[in-house]
Amino acid sequence: MGIKAKQISYLRDNRQEVGHKLYELRQEYGLSIDEVCQISGLSKLRIEHLEQGKGFDLRRVAVVAAIYNHKLKFELVESS
């Protein structure tokens with residue numbers, strides 16, 4: 001039972017989708033990255049990485065999503 005290339009691709013795509021959504025929400029709220037840093041306590045580089053789908057960490061994504069009044073919801077699904 002090892003991890004499959006298809007699963008890795010799915011995770012990578014999801015990170016990028018979530019990151020793009022965080023970027024869009026920041027734009028909707030009219031916040032700069034510096035303002036999000038001040039509110040979240042995360043570094044500018046960390047915020048940039050999250051928005052790019054890099055350095056993905058669920059806790060950090062949840063913190064940033066909460067700034068935009070969104071909850072992080074995920075589920076485990078069996079891949080084929």
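Contact means heavy atoms within 4.5 Å. That cut-off applies at each stop of this tour where residues touch.

**Before selecting anything**

The model is predicted: local features need pLDDT of at least 70 and side-chain atom pairs count only at pLDDT 80 or more, whereas totals for chains, interfaces and linings use all residues. Residues are numbered from 1 along each chain as its sequence is written, and side-chain values use heavy atoms, with hydrogens and water left out.

**Stop 1: the whole chain**

Show the chain as a cartoon. The secondary structure comes to four helices and zero strands, in the order α-α-α-α from the N terminus. Helices (H or I, at least four residues) and strands (E, at least two) are DSSP runs, numbered from the N terminus. Colour by accessibility next: of the 80 residues, 24% count as buried. Buried means under 20% relative accessible area, exposed over 50%, and partly exposed in between (1.4 Å probe, protein chains only). Among contacts between residues at least 6 apart in sequence, 55% join residues at least 24 apart.

**Stop 2: Lys44**

Select Lys44, in helix H3. Lys44 has 43% relative accessibility and so counts as partly exposed. Not counting residues up to four places away in sequence, Lys44 touches Ile33, Asp34 and Cys37. For a distance label, pick the C-alpha atoms of Lys44 and Ile33: they are separated by 6.4 Å, with the two residues 11 apart along the chain.

**Stop 3**

Move to Arg26, which lies in helix H1. Is Arg26 buried or exposed? Its relative accessible area is 7%, so Arg26 is buried. Leaving aside neighbours within four places in sequence, Arg26 is in contact with Leu31, Ser32, Ile33, Val36, Glu51 and Tyr68.

A search of the whole structure finds one salt bridge, a term for a side-chain nitrogen of Lys or Arg within 4 Å of a carboxyl oxygen of Asp or Glu. The side chains of Arg26 and Glu51 form a salt bridge, at 2.6 Å from N to O. This pair links distant parts of the chain, with Arg26 in helix H1 and Glu51 in helix H3 (residues 44–52), 25 residues apart. Both Arg26 and Glu51 are buried.

**Stop 4: Tyr29 and Tyr68**

Show the rings of Tyr29 and Tyr68. Rings of Phe, Tyr and Trp (its six-membered ring) pair if their centres lie within 6.5 Å; planes under 30 degrees apart count as stacked, over 60 as edge-to-face and the rest as tilted. By this rule the count comes to one aromatic pair. The ring centres of Tyr29 and Tyr68 are 5.5 Å apart and their planes stand at 45 degrees, so the pair is tilted. Tyr29 belongs to helix H1 (residues 5–29) and Tyr68 to the segment after helix H4 (58–67); the pair links distant parts of the chain, 39 residues apart. Tyr29, at 42% relative accessibility, counts as partly exposed, whereas Tyr68, at 1%, counts as buried.

**Stop 5: H2 against H4**

Select helix H2 (residues 33–40) and H4, which pack at an angle of about 110 degrees with their axes 10 Å apart. Axes are lines fitted to C-alpha atoms, for helices over the stretch in contact, and angles run from 0 to 180 degrees between N-to-C directions. H2 is therefore roughly perpendicular to H4. Angles under 35 degrees count as roughly parallel, over 145 as roughly antiparallel, 65 to 115 as roughly perpendicular and the rest as oblique.

Show side chains on both helices: Val36, Ile39 and Ser40 of H2 make the contact with Val63, Val64 and Ile67 of H4. These divide into five nonpolar, one polar and no charged. In this scheme Ala, Val, Leu, Ile, Met, Phe, Trp, Tyr, Cys and Pro count as nonpolar, Asp, Glu, Lys and Arg as charged, and the others, Gly among them, as polar.

**Stop 6: H3 against H4**

On the H3 side the contact is made by Arg46, Ile47 and Leu50, and on the H4 side by Arg60, Val61 and Val64. By class there are four nonpolar, no polar and two charged residues.

**Stop 7: Phe56**

Finish in the loop between H3 and H4, the place of Phe56. Phe56 has a relative accessible area of 30% and is partly exposed. Not counting residues up to four places away in sequence, Phe56 touches Arg15, Val18, Leu50 and Val61. The C-alpha atoms of Phe56 and Val18 are separated by 9.4 Å, the residues being 38 apart along the chain.
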